[in-house]
Amino acid sequence: MGEKQVNKDDKAVLERGLSGRHVEMIALGGTIGTGLFLGAGRSIQAAGPSIVLIYIITGIFMFWMMRALGELMLTDTNQPTFIAFIEKYLGKRAQLVIGWTYWIGWIVIAMAELTAIGIYMKYWFPTIPVWIWEIIFLIVLFGINIIAVGAFGETEFWFAMIKIIAILAMIATGIFMVVTHTRTSAGVASLSNLWKYGFVADHGKHLLPAFKMVFFAFLGIEFVGTTAAEAKDPDKVIPKAINSIIMRILIFYVGALLAIMCIQPWTNYNADESPFVQVFAGIGITAAAGIINFVVLTAAASSLNSGIFATGRMLYSLTHENPKSPFSKLSRNKLPLNAIICSTVLIGIAVIVSILLPEGAFEIITSIASAAFIGIYMTLVYAHLKYRQSDDFKNGPQKFKMPGAPLTDYLTIAFLAFIFIILLTTKETQFAAILAIVWYASLYVLSRNADKRKVN
């Protein structure tokens with residue numbers, strides 16, 4: 001009895017410093033990553049204009065996954081992360097496997113983003129070593145994360161705003177050029193560019209691999225699931241943030257891609273260059289490359305900022321039941337300070353890793369982490385299924401119910417399994433998928449006594 005009361009009180013003292021606009025922008029920032037600005041050219045080359053349908057299809061399943069997450073979160077908004085619901089409905093063993101996977105996964109992703117920041121800064125300062133920029137950005141973002149949760153939210157708000165402005169500028173440019181029939185070096189901007197050169201690239205040969213590209217663009221969408229315990233009015237702002245995901249996908253992803261492919265034929269875009277740069281440079285904006293470099297720099301900094309936040313909360317969530325753990329303590333600012341420090345130090349290892357490891361090896365590590373997120377999402381939806389079968393749902397208030405459940409749960413799990421099969425059968429990602437399986441199997445074996453210890 002006493003231990004449970006301590007745990008409950010611990011969770012209750014997390015500061016609710018995130019306003020509605022903070023949570024909405026955090027959700028938006030988790031949806032829009034560097035994949036749209038840098039990787040869209042590769043996606044367009046793989047699928048042609050049909051890439052918009054793949055974004056819509058994937059977006060629907062990601063929306064259902066988020067609705068499952070949202071319903072779980074609103075059953076207890078004092079939980080520091082969504083991992084608590086996995087423990088409640090699937091057991092301590094599942095919580096340990098998924099919790100530590102999520103923590104390590106975000107550590108690796110944050111390391112990759114920190115490395116990318118150094119590379120982006122090299123664009124303007126080629127003579128300054130990248131590791132100096134990596135250390136500067138890490139220290140600044142760490143400082144923001146330990147001031148107050150509101151400081152983190154405000155930083156994410158403006159990071160997301162920069163991405164939104166860039167996307168809206170692309171969409172506005174596309175609409176103007178189509179309406180005025182602007183002539184480019186590739187022809188006339190027109191809606192007919194969407195079907196004139198074929199709607200599906202290469203007779204659909206690369207259509208299935210395009211699904212994994214699009215799925216990876218959505219990684220981090222679940223990040224809003226770490227904010228409920230620190231949101232000022234979670235019962236109001238969490239549903240609003242999650243429900244607006246579909247509209248954001250349609251406007252920002254689909255709208256930007258349609259604009260890009262209307263301005264000039266999709267066959268003209270280079271897979272290795274940002275289509276944003278190609279479009280803005282093509283209409284005479286000589287600083288296009290620098291502008292987009294700034295946008296992707298802020299996107300990478302946003303992801304790193306989120307990584308510091310998420311890993312700190314996750315480490316706290318995994319250890320807060322153990323009063324002897326230094327990571328279960330909160331600071332005077334009601335922040336998991338020790339957990340944030342530990343996670344930031346580990347992320348900082350990227351400075352050394354990026355020097356010692358060749359680029360290919362680092363990419364493999366991040367690919368494994370990305371593949372592991374599929375397992376996290378599948379487990380999350382499965383936990384929602386178990387919740388729907390529990391007395392908590394039958395006798396509870398049933399807030400923010402997931403539409404179409406349990407059918408939508410099963411369909412979402414099947415879709416995520418489909419993505420993993422694509423990874424497993426694609427030569428470039430097969431190794432990462434196999435290692436993700438090995439990782440999960442190893443953690444499962446190592447945590448075999450977890451549920452027994454919980455009972456004892």
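Q: At roughly what angle do the axes of helix 7 and helix 20 cross?
A: This is a predicted model. Helix 7 covers residues 92-122, and helix 20 covers residues 427-446. Their axes come within 9 Å and cross at roughly 135 degrees.

Q: Is helix 7 oblique or perpendicular to helix 20?
A: The axes cross at roughly 135 degrees. Roughly perpendicular would need 65 to 115 degrees, and roughly antiparallel over 145. Therefore helix 7 is, relative to helix 20, oblique.

Q: Which residues of helix 20 make the contact with helix 7?
A: Helix 7 brings Arg93, Val97, Ile98, Thr101 and Ile104. By class, the residues of this contact are 8 nonpolar, 1 polar and 1 charged. From helix 20 come Trp439, Tyr440, Leu443, Tyr444 and Val445.

Q: How many residues in the contact of helix 13 with helix 14 are nonpolar?
A: Helix 13 spans residues 275-282 and helix 14 spans residues 288-319. The axes come within 8 Å and cross at roughly 145 degrees, and the crossing is right-handed. Phe276, Val277, Phe280 and Ala281 of helix 13 meet Ala288, Ala289 and Ile292 of helix 14. The contact has no polar and no charged residues, and its nonpolar count is 7.

Q: Is Gln79 buried or exposed?
A: Gln79 sits in the loop between helix 5 (51-73) and helix 6 (83-90). Its relative accessible area is 12%. The cut-off is under 20%, so Gln79 counts as buried.

Q: With which side chain does the side chain of Gln79 make a polar contact?
A: Gln79 is buried. Its side chain makes a polar contact at 3.0 Å, and the partner is the side chain of Asp76.

Q: What is the relative accessible area of Tyr387?
A: Tyr387 belongs to helix 17, residues 359-388. Tyr387 is buried, and its relative accessible area is 3%.

Q: What separates the C-alpha atoms of Tyr387 and Leu90?
A: Setting aside neighbours within four places in sequence, Tyr387 is in contact with Glu71, Leu72, Thr75, Tyr89, Asp392 and Phe393. Leu90 is 297 residues from Tyr387 along the chain. The separation of their C-alpha atoms is 9.3 Å.

Technical notes:
Residues numbered from 1 in each chain as written. Predicted model: local features only at pLDDT ≥ 70, side-chain atom pairs only at ≥ 80, totals over all residues. Heavy atoms only, no water. Axes fitted to C-alpha atoms, helices over the stretch in contact; angles between N-to-C directions. Helix = DSSP H or I, 4+ residues; strand = E, 2+ residues; numbered from the N terminus. Parallel < 35°, antiparallel > 145°, perpendicular 65-115°, else oblique. Contact = heavy atoms within 4.5 Å. Nonpolar A, V, L, I, M, F, W, Y, C, P; charged D, E, K, R; others polar. Buried < 20%, exposed > 50% of the residue type's maximum accessible area, 1.4 Å probe, protein only. Polar contact = N/O pair within 3.5 Å; in protein donor to acceptor, adjacent residues only side chain to side chain. Left-handed = near helix turned anticlockwise from the far one by under 90°.
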